[in-house]
Amino acid sequence: MANKTLLITALLCSCTFARAETDARQLVELPEMMQTHMMSNMRDHLQAINEIITYLADGNLDKAAVIAEQRLGMSSLDEHGASHMAGFMPEGMRNAGTEMHKAASRFALKAEEGELLPAYAMLKEITAACVACHAHYRIR
Ligand code: HEC
């Protein structure tokens, strides 16, 4: 019995180590308050993407455009305290953030044109920016 427990513990430990070794993301240290703020922004980003997809599925491109511009696009920068946070980020991370905001504003303009497929093609440029930043950086 004790042996089994030991074996399981050993397996769990090696898994944890293996994961840590393959995590090559750069750690970006932010003051605690800023971490909390950023993670809350992130959860809103995901929610916004979900709302955009839902509006697209309903054929409501105007609403999708408004959500994209206001919650993710260039218009969202002030509300997110972006200029303040940018100072703490390495250049690559800042660029990924800028790319996401620009992609969201481009999507909004495209969606306003009212054609579903071209709008959809622009949507993936937003999510590509989410993925690019997540692949390279972590804050904890
Ligand atoms: C400029 C970089 C960057 C961009 C762009 C970005 N994120 Fe993040 N996001 C992060 C980092 C860094 C974390 C924290 C990861 C960690 O420390 O493990 C994070 C965490 C998250 C989390 C977890 C929140 C939590 O409370 O656990 C979600 C959800 C998320 N991001 C969604 C998104 C979505 C959706 C987009 C695109 C619309 C996006 N992010 C764009 C950098 C970014």
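Before I start: an axis here is a line fitted to C-alpha atoms, for helices over the stretch in contact, and angles run from 0 to 180 degrees between N-to-C directions. Helices (H or I, at least four residues) and strands (E, at least two) are DSSP runs, numbered from the N terminus.

What you see is a predicted model, where local features need pLDDT of at least 70, side-chain atom pairs count only at pLDDT 80 or more, and totals for chains, interfaces and linings use all residues. Residues are numbered from 1 along each chain as its sequence is written.

I begin with α2 and α6. Their axes come within 12 Å and cross at roughly 165°. The two helices are therefore roughly antiparallel (over 145 degrees; under 35 is roughly parallel, 65 to 115 roughly perpendicular, and the rest oblique). The crossing of α2 and α6 is left-handed, meaning the near helix is turned anticlockwise from the far one by less than a right angle; clockwise would be right-handed. On the α2 side the contact has H45, I49, I52 and L56, and on the α6 side L116, A119, Y120, L123, T127 and C130. Contact means that the C-beta atoms of two residues, placed from the backbone, lie within 7 Å. By class, that is eight nonpolar, two polar and no charged residues. Nonpolar covers Ala, Val, Leu, Ile, Met, Phe, Trp, Tyr, Cys and Pro; charged covers Asp, Glu, Lys and Arg; the others, Gly among them, are polar.

Next, α2 itself. With 26 residues at 1.5 Å a residue, α2 should span 38 Å, and its end C-alpha atoms are 38 Å apart, which agrees. The expected span is 1.5 Å times one less than the number of residues. Just after α2, G59 has a positive phi of about 75°.

Then comes α3. Helix α2 (residues 32-57) packs against α3 (residues 61-72) at an angle of about 165°, with the axes 8 Å apart. That makes this pair roughly antiparallel as well. The crossing of α2 past α3 is left-handed. Residues in this contact include D44, H45 and A48 of α2 and L61, K63 and A64 of α3. The contact divides into nine nonpolar, one polar and four charged residues.

α3 also packs on α5, with axes that come within 8 Å and cross at roughly 160°. These two helices are therefore roughly antiparallel to each other, and α3 passes α5 in a left-handed crossing. Among the residues that meet are L61, D62 and A64 in α3, and M100, H101 and A104 in α5. This contact has 10 nonpolar, two polar and three charged residues.
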